[in-house]
Amino acid sequence: MVKMTKSKTFQAYLPNCHRTYSCIHCRAHLANHDELISKSFQGSQGRAYLFNSVVNVGCGPAEERVLLTGLHAVADIYCENCKTTLGWKYEHAFESSQKYKEGKFIIELAHMVKDNGWE
């Protein structure tokens, strides 16, 4: 479902029946728990999660960066609602062992919170 409010841009709302991750700053939904691939990533501000797909994020221009696992082309991603930089999208991996990351998203734990159905 897509909802529009006066002060906010369009937002996708994930189903309430699923465990979700939201932006810690504005509570915009970011991802379903089902889209989580790995919890063992490192962002610039600490631990980060790798997701298959995300919602309510914008993507900046791709640039080459040397990360812990080698050279990648990545694009910063930000919350479409509050414009906070959340992490990045892997556009291209130069090493064959890292190709599985292409098209996937990193969100740093410092910028997200668990919502809906967590115990």
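The model is predicted.

**View 1. Asp115 and Arg27 form a salt bridge****.** The closest N and O atoms of the pair are 3.6 Å apart. Asp115 belongs to strand β11 (residues 112-115), while Arg27 sits in the loop between β3 and β4, so the bridge ties together parts 88 residues apart in sequence. Asp115 counts as buried, because its relative accessibility is 15% and the cut-off for buried is under 20%. Arg27 is partly exposed, with a relative accessible area of 46%.

**View 2. Asp76 meets Arg65 in a salt bridge****.** The N to O distance is 2.8 Å. Asp76 is in strand β8 and Arg65 in strand β7, so this pair links parts 11 residues apart in sequence. Both side chains belong to partly exposed residues: Asp76 has 32% relative accessibility, and Arg65 has 21%. Glu63 joins Arg65 and Asp76 in one network, through salt bridges that share partners.

**View 3. Glu80 and Lys83 also pair through a salt bridge****.** Their side chains meet at 3.4 Å, N to O. Glu80 is partly exposed at 27% relative accessibility. Lys83 is partly exposed too, with a relative accessible area of 47%. Side chains of opposite charge can pair when their charged atoms come close.

**View 4. Strands β7 and β8 make a hairpin****.** Two strands, β7 (residues 57-67) and β8, pair in the antiparallel sense over 9 bridges. Between them lie 2 residues. Val57 stands opposite Cys79 of β8.

**View 5. The largest nonpolar core holds 16 residues****.** Phe51, Leu86, Ile107 and Met112 have the most contacts inside this core. Five strands each supply at least two of its residues: β3 (20-23), β4 (29-32), β6 (46-51), β8 (70-79) and β10 (105-108). A second, separate core has 7 residues, including Ala48, Val74, Tyr90 and Ile106. In soluble globular proteins, nonpolar side chains tend to be buried together.

**View 6. Leu86 and its contacts****.** Which residues does Leu86 touch, not counting residues up to four places away in sequence? They are Cys23, Leu30, Val57, Ile77, Tyr78, Cys79, Ile106, Ile107, Glu108 and His111.

**View 7. Val66, Leu71 and Phe94 make a nonpolar surface patch****.** The patch covers about 280 Å². Leu71 is placed in strand β8. Is Leu71 buried or partly exposed? At 31% relative accessibility, Leu71 counts as partly exposed.

**View 8. Ser44 is in contact with Trp88 and Glu108****.** Neighbours within four places in sequence are left aside here. Ser44 lies in the loop between β5 (36-43) and β6. With a relative accessible area of 67%, Ser44 is exposed. Ser44 and Glu108 are 64 residues apart in sequence, yet 8.0 Å apart in space, C-alpha to C-alpha.

**View 9. The whole chain, for orientation.** Of its 119 residues, 41% count as buried. Among contacts between residues at least 6 apart in sequence, 45% join residues at least 24 apart. The chain exposes about 6700 Å², and carbon and sulfur atoms supply 51% of that area.

How values were computed
Residues are numbered from 1 along each chain as its sequence is written. This is a predicted model: local features need pLDDT of at least 70, side-chain atom pairs count only at pLDDT 80 or more; totals for chains, interfaces and linings use all residues. Side-chain values use heavy atoms; hydrogens and water are left out. A nonpolar core is a set of buried Ala, Val, Leu, Ile, Met, Phe, Trp, Tyr and Cys residues joined through side-chain atoms within 4.5 Å. Buried means under 20% relative accessible area, exposed over 50%, partly exposed in between (1.4 Å probe, protein chains only). Helices (H or I, at least four residues) and strands (E, at least two) are DSSP runs, numbered from the N terminus. Contact means heavy atoms within 4.5 Å. Patches are made of residues with over 30% relative accessible area and no salt bridge: like charges are joined within 9 Å, nonpolar side chains (Val, Leu, Ile, Met, Phe, Trp, Tyr) within 5 Å. Accessible areas come from the Shrake-Rupley method with a 1.4 Å probe; for residues, only the protein chains shown count as cover. A salt bridge is a side-chain nitrogen of Lys or Arg within 4 Å of a carboxyl oxygen of Asp or Glu. Two strands pair if DSSP finds at least two bridges between them.
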